[in-house]
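Subject: A structure for you to explore

Hello,

Here is the structure I promised to pass on to you. Have a look at it first, and then read my notes below.

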Amino acid sequence: MNNYTYRTSGTCSQLIHFNLDESGKLHDLSFYGGCDGNLKALGLLLEGTDAREAADRLRGNDCGGRGTSCADQLARAIDQALDNA
C-alpha cells in the first residue's frame, strides 16, 4: 500500500491524504480543512473504490465558481499518484 499526500489549491481544504493498494483501490482518504462532514462522507463513499474511476467521476466538479473543489482536487491528486506509480 502506498501513502500519498497532496497540497490542494483554491479550496478550503489544505491537504488530502490517501492510500492506494496494489490494485489501484482507494483507502483511508482524509482531508485537512474544508467541510468536515461532507469530506468525511466522501472518504467513506470512496473507500475501496477504483481510484481511476473515482477521479473520472470527480474531475471538473466546481465549488462556488472557484474553478475547482475538494472533489476536483482529489481527482488531481489521484491522477498525480497514478502517473507517478
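**The largest pocket**

The largest pocket has a volume of about 190 Å³. A pocket here is found on a 1 Å grid over the protein atoms alone, as an open set of points where a 1.4 Å probe fits, with protein on both sides within 12 Å along at least five of seven lines; lining residues have an atom within 4 Å of a point. Grid points are joined across faces, edges and corners, and the volume is the space filled by probe spheres set on the points.

Before going on, please keep in mind that this is a predicted model, in which local features need pLDDT of at least 70 and side-chain atom pairs count only at pLDDT 80 or more, while totals for chains, interfaces and linings use all residues. Residues are numbered from 1 along each chain as its sequence is written, and side-chain values use heavy atoms, leaving out hydrogens and water.

Among the residues that line the pocket are Cys12, Cys35, Leu39, Leu42, Leu58, Cys63, Arg66 and Cys70. Helices H1 and H3 each supply at least two lining residues, and H1 gives the largest share, three residues. The names of helices (H or I, at least four residues) and strands (E, at least two) are those of DSSP runs, numbered from the N terminus.

Which residues of H1 are buried? They are Leu39, Leu42, Gly43 and Leu46. Buried means under 20% relative accessible area, exposed over 50%, and partly exposed in between (1.4 Å probe, protein chains only). Seen down the axis of H1, these residues fall within an arc of 100°, so they line one face of the helix. The arc is taken from the directions from the helix axis to the C-beta atoms. On the other side of H1, Lys40, Leu44 and Leu45 are exposed. The buried residues of H1 pack against E2, E3, H2 and H3, where contact means heavy atoms within 4.5 Å. After H1 comes Gly48, which has a positive phi, near 80°.

Helix H2 covers residues 51-58, and its buried residues are Ala51, Ala54, Ala55 and Leu58. Here too, the buried residues fall within an arc of 100° when seen down the axis of H2, so they line one face of the helix. Their cover includes strand E2 (13-20), strand E3 (26-33), helix H1 (36-46) and helix H3 (70-83). At the N-terminal end, Asp50 caps H2, with a side-chain oxygen 3.3 Å from the backbone nitrogen of Arg52. H2 is followed by Gly60, whose phi is positive, near 90°.

**The nonpolar core**

In soluble globular proteins, nonpolar side chains tend to be buried together. The largest nonpolar core in this model has 22 residues, of which Phe18, Leu26, Phe31, Leu46, Leu74 and Ile78 touch the most other members. Such a core is a set of buried Ala, Val, Leu, Ile, Met, Phe, Trp, Tyr and Cys residues joined through side-chain atoms within 4.5 Å. Two or more residues of this core come from each of strand E1 (2-7), E2, E3, H1, H2 and H3. The largest share, seven residues, comes from H3. Leaving aside neighbours within four places in sequence, Phe31 is in contact with residues including Leu15, Ile16, Leu39, Leu42 and Leu74.

**Some polar residues to look up**

The Gln73 side chain reaches the backbone nitrogen of Ser9 at 2.9 Å. For comparison, look at Gln14 in strand E2, which is partly exposed, with a relative accessible area of 41%. The C-alpha atoms of Gln14 and Gly33 lie 5.8 Å apart in space, while the two residues are 19 apart in sequence.

In strand E3 you will find Asp28, whose side chain makes a polar contact with the side chain of Asn19 (2.9 Å). A polar contact is a pair of N or O atoms within 3.5 Å; within protein, one must be able to donate a hydrogen and the other to accept it, and residues adjacent in sequence count only if both atoms are side-chain atoms. His27 also lies in E3 and is buried, with a relative accessible area of 16%.

Enjoy exploring!

Best wishes
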